[in-house]
Each structure stands twice: as C-alpha cells, then as structure tokens.
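This report covers strand pairing, helix packing and core composition. The sequence and structure are shown first.

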Amino acid sequence: MKQLLYILVLFIFAGCATTQRAGVELPGEDPSKTVLPEKNTSPAVISLIEKARVATQQGDYQRAEVLLERTVHIEPKNATLWHYLAKLRLHQSRYQDAVGLAQKSSYLAGSNNKLIADNWRIIAHSKQQMGDQAGAVQAQDKARQFSGQR
Amino acid sequence: MARRATKKSKKKRSRRVPRRTSKKKSSRKLPVPGFFRKIPWLKVFAAVTVVFLIYVTYLDFVVRGSFEDSRWQLPAKVYARPLELYQNLRLNADDFERELNLLNYRYAYQPKESGTFQRDGNGFDIVTRAFTFWDINELSQHIHVSFSGDHVSRIKNVRDGKEIALLRLDPVLVGGIYPLKKEDRKLITLKDAPELLPEILVAVEDRKFYKHFGIDPMAIARAFIANIRAGKSVQGGSTITQQLVKNFFLTNERSLWRKFNEIIMAVLLDFHYEKDEIMQAYINEIYLGQDRSHAVHGFGLASQFYFAKPIHQLNLNQLTTLVALIRGPSYYHPENHPKRLLSRRNRILEILLEQKVISPELYAATKSLNINIIKKRHVAVGQHPAFLDLVKRQLREYYPEEKLQSEGLKIFTTMNPVLQLDAEQSTRKRLASLDRQKKLNNKLQAAAVVVNSTSAEVLALVGDRNPRFSGFNRALDASRPIGSLIKPVVYLSALQQHEKHSWSSIVLDKSISIKTKDENIWTPRNYDNTSHGEVTLITAMTKSYNQATVRLGLEIGFPKINQVYKKLGGPEDLPPYPSILLGAQNLSPIEVTQLYQTLAANGFRSPIRAIREVLDVDGQPLRRYPIKVQQSINSDDINLITSGLVQVTKTGTASALSKRLPNIHVAGKTGTTNDTRDSWFAGFSGSHVGVVWLGTDDNQPTQLTGSTGALQLWADIFRHANTESLKIEKSDNIESQWIDSKTGLLSKSSCSGSMQLTFVKGTAPTESANDCPRSGVREQINNTVEWFKQIFR
C-alpha cells in the first residue's frame, strides 16, 4: 500500500510543472528527480500528501497548501514536507516564501543531497523570477554541486 | 377582517358627524364656558395627531433598527485549532478528555449519537461530530482511541475495526466578535431550524401568529380582564411579535406606557416584515438562560448550552424543553426547579397533542422521557479575552470591525484550548502565591505567551493575572525594559565572529564607567555587586554578568548588535546607548517572543500568528494566513548560542529549571530590571517557545528576580505543555565539546564544572584543563544520566 502511495507521490506536483527557463533547471520536471517522502513518514502524513497531490492536479493550490501545512504540523522535522511546501509556493508564484521553505527543508535534510539539490533548484528558479539573476546562477551551481554528491 | 374594521369605523364616523352638528346647535341652548369654546379643537386634534405620528415614526425607526441589526448581525465565530489525532501524537488521555469536555462531548454508556464518548482507562469510544473545514469536510465517525503514556497509540474505526491514519475533531468554539453587548448568539436561519420548532412556538405561544397584524386584540383584552380580576398582572397576552419587541429592549418593566409602545412597535414590525422573518428573529433573540454574566439568547445557542448539540439534532423532548424555558428560564431552572420544568414540558406536549401538531404515539413516547440537560454547561464565549484581542488585531489588518461583527465569518485560530486553560490557571495560582510571599497586595501582574517554535503559531496567551479580565492586555501592550533577555543577542553577535570569539574566549568582568550622551557617567554593576575578573564567555552568559556583557558589547559595536537584533525580529532599531546592552530597551512580551522564536527555530524566523484561516458564513474560503519562514540567521551560529542557553538552565541563573523540568532539555534566559521592577523569563524546548513577564502596572519593585518570579510561572506552564526535549542538530560545520567553564579548556563529562557546548569546527580549544576536579558521587550519577539525555543529535 505504502509502495503504491510512493509511486503516486512520484508525480506529485508534476501536473503543475512550468516551462524551463534558460540557465535554470526546474525542480521536479524530471520525475526521477522528484523527491519521495522519507521512509519513516507516518501513515497520517502520507494520507495528507496523497490528498494534496489530488488537489494540486485539480489546480486547487490553496487546498493543497492547507493539507501540506497540516503535514508539517504533524512532522515539523521532516525535511521532505517542507520541500513539498516550497515547491507548492513556487507554483503559486510566491517566490520569497518558496526560498525560505526550501532553505528550511535543506537545514533539516541532513545528508539527503538529492533533496538539498532540489531545494537549490527551487531557490534558483525563485531568484530568477524575482529578478536576481546572479543569485539564481549561484543557487543553480549549488544544485549541481549537491546533485553530484550522491 | 381588517377591511371590515375599516368599514365599521367609517360608519361610526358618518354617524358622529350629524351628532356633532346637533351638539353645536344645542350649544346655543346649553351654554358652555367661554374658554372651552375658544379651544381650537381642530388644531389640537391636528397637533396631537402630528405628535403621535412623529412618535410612531420614531418608534418605527427604533424598532426597525433593532430588527435589522438582529437580522444582519452575524458575529464572527472564533475557533481554536482543531485537534488532529494520529498514531504517536504527543497527548495524554486526561488532556484528551479535557478537550472533549471543552467540545461539549457528553459521556454516554454506549456512544451512538455524534458528540458522545465513553472512557475506559486509556481507551476512548467516541462518536465524532461532522465539521466543515477549508480543505476537507470531516464526517462523523465512531472511533476508538487508545493512549499509551503520553501519546496516542492507536485509532480504529469501531464499525469495521480498521486502523485510522488521521482524523480531525471539530474545533472548540472559543468565542465570537461581538458589538458592544456582551452577549453571544449562535444565529440560525429558519431553514436550519427543525421544521417542528416554529410549529411548536405557534401552538404554544401565539396560535394566531400567521393571521394577526402583530398584536392579538382579543388576547390583550382577555389578559386585561384577567389582570383586573386578579388585581395584579397575571397574564401577558403577548404575541410572538410582541415578545420579540420586548426582547429587543430587554426591560422587565411592566407599565402601561411600555405596553403601549410594545403594541405600536409590534404592529410596525408586522407591517414591515414577513411572518417568517419575524419568526426567525424570534428564534434567534428569545432569552433562554444565563451563564454567569452571559445571557443565553436564541435557540441556536441554547441548544448548545443545554444539550451540547446543534439545533437541527434536537428531538421533540429537547425542543419542548427549550420552549418551556421561554416563560422564565430561572422560574423553570433545570436544577433548581426540575419538577416545574417537567410539568411545563408536559403541558406543552399536551398543547401540541390538542393542536394535532404531534401524534398521540409521539406524545406518549415523549412524555415518558426524562429531561436530560447537561450538568456542567457553559457558554464558550469571552473566556480568553487576551487571545481574542490578538486575533482581532491580526484580523483588523484585512477586515474592518463592522465586517467582523456582522458577516458571520468563521475564524480558525491557532489556540491550543487545553494549554490556554492551563496557562491561565497556572498564572492565577502562581501569582496568588507570589503575592502572598512578597506581600504585594495583589498588585503583581503577569503576561505570558506560548508559541509553537516552528510555525510561530500562538498556542496560549495571558494578558492579566485574572485571565477572564478583558482590560489592559499586557502580553501585547505592556512595553517594559527587557533586562538580560537582550544578552543572547549580544553573545550571538560575538559568537558570529568565529575567529575572535567562542564560548571558551575570555572576557573581562570588571567595573566600567561610560560617559553617556547627556554627559552622565554610567557605571553598570553586577547583580551580586562583585566583579569577577577574567571569565569565559559561557560563564559570563550563564551567570548573567553585566560588566562582562557591556565590555563584550562595546567591543562588538552597536551596528553589529542592532543588525542581529533586527534579524531576530526586533521591531525597531536599537538606540546606540550603552545601557541597551543590558536591556534598557522596552519590548512587550509578544515582541520578545518573536526574538526567541527565531532562536528556537534555528534562525528561521516566522511571523507570530494567531490565525490560520478565515471562512465566510457559508464555509467558503476567504483568506489564509500561511506558514512563512525566512532564514535570517545562519543555523550553525544559532546552535552555538542555543548550547549556551541550555547551560543557563542547567548551571546558570535559570538552574531551577533542571529541577522543575527534570526530564527534558530547555534553553532560556532570565531577566531582572533595576530594583526588581520587571521579572522576565524567555525560553524554549524542542517544540515550544514561552515568554513570561511579571511586574506591577505602576512600575514598583516586586522583589522578584527573573528566576524567583517569571521562571516559576514559565515552568508551571511548560510542565503542562507536553513539550519535547530540545535537541541541537549537528551539521558538518559544528561540533560539540566538553569544556571547563572556568578556564574554557577541554574537559570531560565526568569533571565537575564541565559543560557540553557547541563550537564551529576548528575553533574549539585544543588544550585540556590540567586538573579535572573529581565530581562527587551524586554528580557522577548526574553525569551518567546526562550521558543518556544527550542534547546533541
């Protein structure tokens, strides 16, 4: 059952992937780069993630937001959940918020370099959208750096 | 009927005219006094009519105003956070039961109806209530929840025995945002009300309601005769419309003049509004009971108050009981006069049977039932004025007061209702005991704020030693010097200079005199009036040495300290005065909370929030207040300061906490201002941040230090908070070391006076302390225990 959910979660937010911009790689466009929930994630949180996925596919970002916020209330130290929230903010075009949440996720990520890399992609994309080209390039470099450290 | 009445009056008038003429003629024969003749009757009549019309217009204005208000005023409802239930949730069975009680869930031998439960030790059998939330609607479910120690161990569906991963209870209604009147309403529309309710009301209170024009002249006449016979007022003869008018103006005066006004207003209401509109207003307005200072108006609120159920779930027995109360909630008081109430309910059932509103079978079945009114009832309104005040202020950024009072918004706040009650109770108890101890004549005041460290959601807020008092909200408005609570800002600014400072660095704790801008000499002293010479940074911080802190602060410089202060969430720039280094800056408890929240969340600042979401009257989403985080300070640097703040609670000025909260690690700082005018404690665990202030409103000395005053209340609150132990996250850049606090050199956990502290890699001392004072047996045991309770992950 859990496995099935993981597969479903693979495509979380895939429905709202935006087009790639020059120089900045987007987080989660390639499903193989999409971060799965951590293995010890509780069934309570998994059930909310699944609902958030459905809400996102339906374009109901606000509902997804409520559901994902509930997940971080339940597991505030689960880095992946903060990452999902950051990604959602990105799709809501709330770039400043996306950066903060991605940083929080990275802080909690420990040695999960794949997750940290994806967080840097979120930051890169957000910075670019906010007109901070230099910051975007720097973040992109960081993303590559962490991608290489698997 | 009305038409006939008009015709009759016309006939009368036509008959009168010739009579008058005849009178005029006869006046020649029977002379009347001259002055009487001189009165211009027509003018007097016209003048009286004009005055009467003006008065009627005035009454019309008044009664329509009241009616419109009652019709449109849907005060915002304020809810606590809903309790999410899932396996391993940190919650004990007793606190869970308290939450159920706050939700007015009722004990039932075999829970079947929604809103009922049964407890068997650590297991609860519950039928939850359905509730509409922003994201998903929760359905009513029959569940079994088991607890083990301080957490939920299992939730399962009683019907199919399957595990339930997650479930949300309905949220506790904390109160409402009302206009000036101190009353609550739970307004319902006629279509929300049970169909039977208007029928019962018409049958019992006013049979001709749908036929009359606001008043029932025959009923008034009957009452008039009955009253004359009895020699006192025994019968009212009021229609539903008249009773509604009476309720608008809330007066028990029984005079003819009032009756006259009431009759005119009732006719006016009937003229302006549909019968159904009047019925709806009546259902919402009628007075049905009292809960201390709160009047219970309307069937919506009364249904919650007496039966802990929404109105549409009431059965005939319950509906007729409420209708029985209309005649006089105190006369028919359920506990004081149960027999009266029962006989009135039975009389109502008889009337319903006579009127063929109910069948004989239903009559018989209902009459045999007891009246089951809940015993411990309360109106959940106005109980947490300080918290509601914060909610209102945060709402006002987007909603004008008028909108809050009238549009029936649903406000979902962040309050943990059980923790809020505990914080209030702890405040009351602790203040009473400190007052006695220090003989402060009840002048000691208090404020307390507890927030979730990650989300910065306010869980509890106290603004007065009497938490029910809704006056000056000290948690938000008492701006007082923060004293040593500023020291972590100074030490963090120093520790950020990795090459220059670490916890092992030496600073001079020696008398210092500084010339201030106004040419005065400022000479700070230590609390113990002693200078301690060369001390380590960690000793200066844990012992809260003033002279060492001033010297360190002057070395770092104001711009740097101000920058850190602002990043932590300081509301305004710090003025560059030396006394600022010892906390001369005034801040309110909630502003201090923001600073410490950033520390508690590893440098991720989140704005302090009391609201999650606002829904409109139909449950449609209006506005969210999302979680926001901003990394304002490097997390590694925060971990440095946090390890020092943990030591403050182990060996420093807040060491009392290691006894008060022996099983968890917390970090914090005491604050005491000149002559003990302010007693502060600010600190955090792994999940909560709390700030407590004690002092007097007229700024008098209290003889309480941060440690003997505020810290005690802080510990009381945190003992109830079911809070997590603080852990310091390791990273690639920092490490933990055991340090001798006197010399700052490397030490061992078994050595007396050693502390475990965080260092940026490469900055910890490399030299070991020569002698390791052997600890006593007790300290050795403590150290072993300490080893089990490692602070570092």
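Phe681(B) has Val692(B) in β29(B) as its bridge partner in this predicted model. Strands β28 and β29 of chain B pair in the antiparallel sense over seven bridges. Both belong to an open sheet of five strands in chain B, ordered β16-β15-β29-β28-β27, with antiparallel pairing. Because β16 and β27 of chain B each have a single partner strand, one side of each is left without a neighbour in the sheet. Neighbouring strands are turned by 5° against each other on average, direction ignored.

| Strand (chain B) | Residues |
|---|---|
| β16 | 458-462 |
| β27 | 667-672 |
| β28 | 678-684 |
| β29 | 688-696 |

Helix α25 of chain B (residues 710-720) packs on the sheet and touches β15 (444-452), β27, β28 and β29 of chain B. The direction of α25 makes about 140° with that of β29(B).

Which residues have the most contacts inside the largest nonpolar core? They are Ile411(B), Ala448(B) and Val450(B), in a core of 184 residues. Helix α4 of chain A (residues 79-91) gives the largest share of this core, eight residues. A second, separate core has 51 residues, including Val204(B) and Leu301(B).

Beyond its neighbours within four places in sequence, Val450(B) is in contact with several residues, among them Leu419(B), Leu459(B), His688(B) and Ile717(B).

Chain B as a whole contains 26 helices and 31 strands. Of its 793 residues, 45% are buried. Among contacts in chain B between residues at least 6 apart in sequence, 69% join residues at least 24 apart.

Note on methods. Residues numbered from 1 in each chain as written. Chains lettered and ligands numbered in written order. Predicted model: local features only at pLDDT ≥ 70, side-chain atom pairs only at ≥ 80, totals over all residues. Core = buried A, V, L, I, M, F, W, Y, C linked by C-beta atoms within 7 Å. Buried ≥ 20, exposed ≤ 12 C-beta atoms within 10 Å, placed from the backbone. Helix = DSSP H or I, 4+ residues; strand = E, 2+ residues; numbered from the N terminus. Contact = placed C-beta atoms within 7 Å. Pairing = 2+ DSSP bridges. Axes fitted to C-alpha atoms, helices over the stretch in contact; angles between N-to-C directions.
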